[in-house]
Amino acid sequence: MKRWTFDRRAIVTVGLAALLGACSVIPKGAERPAPVVTTPTPEPTESLPTDQTRHRIALLVPMSGRNGPVGQSIANATTMALLDTNASNLRITTYDTATGPEAAARQAIAEGNKLILGPLLGSNIPSVTNTARAADVPVISFSNDTGAAGPDVFIMGHIPEQSIMRTVQYARARGSQNFAIISPDGEYGARAEDAMRRAVSAFGGTVVWTERYARGNTSVVSAAERLRAHGGYDTVLVADGPRLAAQAAGVLSPGGGGTIQLLGTELWSGEGSVTRASALDGALFSAVSDDRYKRFVDSYEARFGGQPYRIATLGYDAVLLTLRVARDWRVGRDFPDGALRSEDGFLGLDGAFRFRRNGLVERAFEVREVRNGAVVVVENAPTRF
């Protein structure tokens, strides 16, 4: 089992490992491969020194294999957070979950870590938590697997349902009444449909029709044609990325800007193709604010010579969160996980967030509109709870 201990003073010389093609990870989102960068990789250490003044934090992410570049990007972001805050009271050691998440968790616990940041993949959470729970070590996962949350398992990934809830709320305020949805077969489509139904129940209106499709060009177009034939709606959520959403929109609202209000999902965030499809003109979607992300990318590139994965901000914000809690955390004591449930929440690169009692993150989303070949913010994200 490999694990890496990052020293704040030396890590500046360590660059980003090669970022390869797109990886299938949870949380899912607009992840794109960054440019390939050839840089050195930190050597695994044999043993950890004794810490009297620093908290030991374990970072459990894939550092090899298919998702290794994503894990390396998150690890680099945690290092950036330590450097940017001049933190001297945390030691973050990275353990490679690609060679076995349970073994990584066991080694992290054996080496005295009092908090686990990770894992990245939702499928790894049970293996990690089974070991961590026995040692009373809480887990803050980068996954968006809502079913894995619990009293000692905090889900930090961006949750698609929250984006949809925010968009429906805004659309209702603008007059939307009768909602329909076109969603793909599978878990994401089911979650999107459920989120829309819950949002309409919470904010008012009626769900008049749903259409499902197998992912594919002709399938989504056929679903849109069936929905158009049914009628009776004024607002349609297309729960997919911009490419397929644009094809459905071409049937429902040719040329865009028609009487039908189109809604998208967080999958549209950062996708340039959103602005190139005229059928999406006037569509609404919600995402976390990118106000701080550009500065993060610039700093990341300067330090590591390549672009981060979008999900890397979770690693950075996890360190900020830990530092906030560490103000009242004595070295050697158990991590005070109750502090994670602060009603005031926390502020990070992705904006304001807090953890609910059930362990799920709650994020502040801004609402965006596709307008005349650009994406504009039509309602800012709240800066605090």
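This is a predicted model: local features need pLDDT of at least 70, side-chain atom pairs count only at pLDDT 80 or more; totals for chains, interfaces and linings use all residues.
Asp290 is partly exposed, with 27% relative accessible area.

Next, select Arg310. What does the side chain of Arg310 meet in a salt bridge? The partner is Asp290, with 3.1 Å from N to O. Now show the elements around the pair. Asp290 sits in the loop between β11 (284-287) and α9. Arg310 sits in the loop between α9 (293-304) and α10 (312-326).

Keep Arg310 selected. Is Arg310 buried or exposed? Arg310 is buried, because its relative accessible area of 18% falls under the 20% cut-off.

Move on to Arg341 and Asp337. Their side chains also form a salt bridge, at 3.9 Å from N to O. Arg341 counts as buried, at 13% relative accessibility. Asp337 counts as partly exposed, at 24%.

Then go to Arg356. Which residue forms a salt bridge with Arg356? Select Glu362: the closest N and O atoms of the two are 3.8 Å apart. Arg356 is partly exposed, with a relative accessible area of 34%.

Finish with the whole model in view. How many salt bridges does the count come to? The count is 22. Among them are the Arg310 and Asp290 pair, the Arg341 and Asp337 pair, and the Arg356 and Glu362 pair.

Note on methods: Residues are numbered from 1 along each chain as its sequence is written. Side-chain values use heavy atoms; hydrogens and water are left out. A salt bridge is a side-chain nitrogen of Lys or Arg within 4 Å of a carboxyl oxygen of Asp or Glu. Helices (H or I, at least four residues) and strands (E, at least two) are DSSP runs, numbered from the N terminus. Buried means under 20% relative accessible area, exposed over 50%, partly exposed in between (1.4 Å probe, protein chains only).
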